[in-house]
Amino acid sequence: MCGIIGYIGPKDVVPVLIDGLRKLEYRGYDSAGVAVVKSGAVDLRRSAGKLSNLEDVIDNAPITGDYGVGHTRWATHGGVTDANAHPHLSYDGTVAVVHNGVIENYAILKRQLQDEGIAFVSDTDTEVIAFLIEEAYTGDLVAAVRETLAQLRGSFAIGVSAVDQPELLVAARKDSP
């Protein structure tokens, strides 16, 4: 079962997210990742395998941030790879999304986005969510998430951050993922 954590506060976000992910390990997972925002840019680190693999990635390429989201994943769409680990970014890299559950209509939505010329880098349904939020985003993250949720079918929970809204993390769910 996947796990989601988000943090906004005075501490460096990376240790807070890693500690939160560690507390979610009991649920089982096959990959982990964090997306943090600092100075108006998202920095992403992901890794297949155990949380210790992600910690090694961060040790080799350190990041700091002011706020962000983290995730432990149990694969449902796409194999266990670094590219399929969460979080996923919008195609312009300004919105980060973590997701538990299954988006039943993701293939249809993905085809529509591909028909618009959008290229995907993962095999996940989560990347579809990130791209849909970006398309709907005009400065109001809550409204963009609501618009996106109206298009999704399935049972899921999501966490979303955006580079230009440092005081806001959006969380939403449908049913019980």
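Biologist: Which hand does the crossing of H1 and H2 have?
Modeller: The crossing of H1 and H2 is left-handed. A crossing gets that name if the near helix is turned anticlockwise from the far one by less than a right angle, and is right-handed if clockwise. Helices here are DSSP runs of H or I with at least four residues, strands are E runs of at least two, and both are numbered from the N terminus.

Biologist: Before we go on, what sort of model is this?
Modeller: This is a predicted model, where local features need pLDDT of at least 70, side-chain atom pairs count only at pLDDT 80 or more, and totals for chains, interfaces and linings use all residues. Residues are numbered from 1 along each chain as its sequence is written, and side-chain values use heavy atoms, with hydrogens and water left out.

Biologist: Thanks! At what angle do the axes of H1 and H2 cross?
Modeller: They cross at roughly 165 degrees, and the axes come within 11 Å. That makes H1 roughly antiparallel to H2. Axes are lines fitted to C-alpha atoms, for helices over the stretch in contact, and angles run from 0 to 180 degrees between N-to-C directions. Under 35 degrees counts as roughly parallel, over 145 as roughly antiparallel, 65 to 115 as roughly perpendicular and the rest as oblique.

Biologist: Which residues meet there?
Modeller: From H1 come Val14, Ile18, Leu21 and Arg22, and from H2 come Leu51, Leu54, Glu55 and Ile58. By class, this contact of H1 with H2 has six nonpolar, no polar and two charged residues. Contact means heavy atoms within 4.5 Å. As for the classes, Ala, Val, Leu, Ile, Met, Phe, Trp, Tyr, Cys and Pro count as nonpolar, Asp, Glu, Lys and Arg as charged, and the others, Gly among them, as polar.

Biologist: What does Arg22 form with Glu55?
Modeller: A salt bridge, with the closest N and O atoms 2.3 Å apart. Arg22 lies in H1 (residues 13-23) and Glu55 in H2 (residues 51-60), so the pair ties together parts that are 33 residues apart in sequence. The term means a side-chain nitrogen of Lys or Arg within 4 Å of a carboxyl oxygen of Asp or Glu.

Biologist: How many salt bridges does the structure hold?
Modeller: Five. One of them joins the side chains of Asp43 and Arg45, at 2.8 Å from N to O. Arg45 counts as buried at 14% relative accessibility, whereas Asp43 counts as partly exposed at 29%. Asp175 and Lys174 also meet in a salt bridge, at 3.3 Å.

Biologist: New topic: how do H3 and H4 pack?
Modeller: H3 (residues 106-115) and H4 (residues 126-136) pack at an angle of about 50 degrees, with axes 10 Å apart. They are therefore oblique to each other. H3 passes H4 in a left-handed crossing.

Biologist: And who touches whom?
Modeller: Tyr106, Leu109, Lys110 and Leu113 in H3 meet Val128, Phe131, Leu132 and Glu135 in H4.

Biologist: How many residues of H4 are buried?
Modeller: Ten of its eleven residues are buried, so to speak mostly covered. What covers those buried residues includes strand S5 (88-89), strand S6 (95-103), H3, H5 and strand S7 (154-162).

Biologist: What joins His86 and Pro87?
Modeller: A cis peptide bond, with omega about 5 degrees. Pro87 lies in the loop between strand S4 (67-73) and S5. Most peptide bonds are trans, and most residues other than glycine have a negative phi.

Biologist: What about phi of Ser39?
Modeller: Phi of Ser39 is near 55 degrees, a positive value in a residue other than glycine. Ser39 sits in the loop between strand S2 (31-38) and S3, and is exposed, with a relative accessible area of 70%.

Biologist: Last one: is Ser47 buried or exposed?
Modeller: Ser47 is buried, with a relative accessible area of 6%. Ser47 lies in strand S3 (residues 41-48). Leaving aside residues up to four places away in sequence, Ser47 touches Ser31, Ala32, Asn53, Leu54, Val57, Asp82 and Ala85.

How values were computed: Buried means under 20% relative accessible area, exposed over 50%, partly exposed in between (1.4 Å probe, protein chains only).
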